[in-house]
Amino acid sequence: MTLQPKTVKILAAVSALALVAATGLFAFLYVAVQNAGPKQPKITAYTHGGAVEVAPLEYCTVTLEDCTDGAIAQVEVRDNEPLQLSLPHDISSAPWRLVMVWEKPDGTVLAQEKYYRKDEALAVTIRSDEKPPLRLNGVEIQLPSALIDENGLQHAHAVWSIKTA
């Protein structure tokens with residue numbers, strides 16, 4: 001069977017149109033799948049003129065279910081320079097805890113915690129007020145969960161961890 005030249009052109013055009021439509025549908029579905037589900041909030045860390053987005057080290061529901069793991073962020077903080085953290089509304093609109101780990105000149109490690117109430121702060125600046133200044137080794141932002149252990153301590157359901165030393 002021999003097809004007329006006009007029929008061949010029509011079949012080629014229909015085939016090309018079907019291929020373009022299939023490619024467009026695939027691209028749409030790929031983007032939709034990649035964007036599915038809730039986004040995990042990120043913290044922005046600023047130091048000596050640069051900014052780094054920090055994803056959660058661990059992120060669970062408030063009842064510690066459906067957990068996902070990430071990585072500890074590395075942010076270089078020079079001696080005597082502050083570290084500024086900017087928190088998205090998803091974090092700052094809830095009670096949260098800031099844990100700071102410092103190192104004294106003699107090598108002794110000191111941990112400090114500060115608790116923030118809902119909507120108390122959208123950003124924090126971390127610096128040593130000691131003389132001589134302490135070296136900042138790392139910080140964590142923690143969101144408490146609904147679970148309390150046998151010692152009366154609340155487990156964190158989300159943690160953002162930054163290593164600075």
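**Close-up views of a predicted model**

View 1. Setting aside residues up to four places away in sequence, isoleucine 141 touches Ile43, Leu85, Leu87, Ile91, Trp96, Arg97, Leu98, Ala158, Val159 and Trp160, a contact being heavy atoms within 4.5 Å. The model is predicted, so that local features need pLDDT of at least 70 and side-chain atom pairs count only at pLDDT 80 or more, whereas totals for chains, interfaces and linings use all residues. Residues are numbered from 1 along each chain as its sequence is written, and side-chain values use heavy atoms, with hydrogens and water left out. The largest nonpolar core holds 26 residues, of which Leu83, Leu85, Trp96, Leu98, Ile126, Val139 and Ile141 touch the most other members; such a core is a set of buried Ala, Val, Leu, Ile, Met, Phe, Trp, Tyr and Cys residues joined through side-chain atoms within 4.5 Å. At least two residues of this core come from each of strands E1 (43-47), E6 (83-86), E7 (96-103), E9 (123-126), E10 (135-148) and E11 (154-163), where strands (E, at least two residues) and helices (H or I, at least four) are DSSP runs numbered from the N terminus.

**View 2. The disulfide of cysteine 60 and cysteine 67.** A search of the whole structure finds 1 disulfide, defined as a pair of cysteine sulfur atoms within 2.5 Å. The bond joins cysteine 60 to cysteine 67 with an S to S distance of 2.0 Å, and the link is right-handed, with 115° about the S-S bond. Cysteine 60 counts as buried because its relative accessibility is 4%, while cysteine 67, at 40%, is partly exposed; buried means under 20% relative accessible area, exposed over 50%, and partly exposed in between (1.4 Å probe, protein chains only).

**View 3. Glutamate 58 in strand E3.** Glutamate 58 lies in strand E3 (residues 58-59) and is partly exposed, at 29% relative accessibility. Its C-alpha atom is separated by 4.6 Å from that of aspartate 69, which is 11 residues apart from it along the chain. Leaving aside neighbours within four places in sequence, glutamate 58 is in contact with Thr68, Asp69, Ala156, His157, Ala158 and Val159.

View 4. The chain has 2 helices and 11 strands, which run α-β-β-β-β-β-β-α-β-β-β-β-β from the N terminus on. Of its 165 residues, 27% count as buried, and residues 24 or more positions apart account for 63% of the contacts with a separation of 6 or more.
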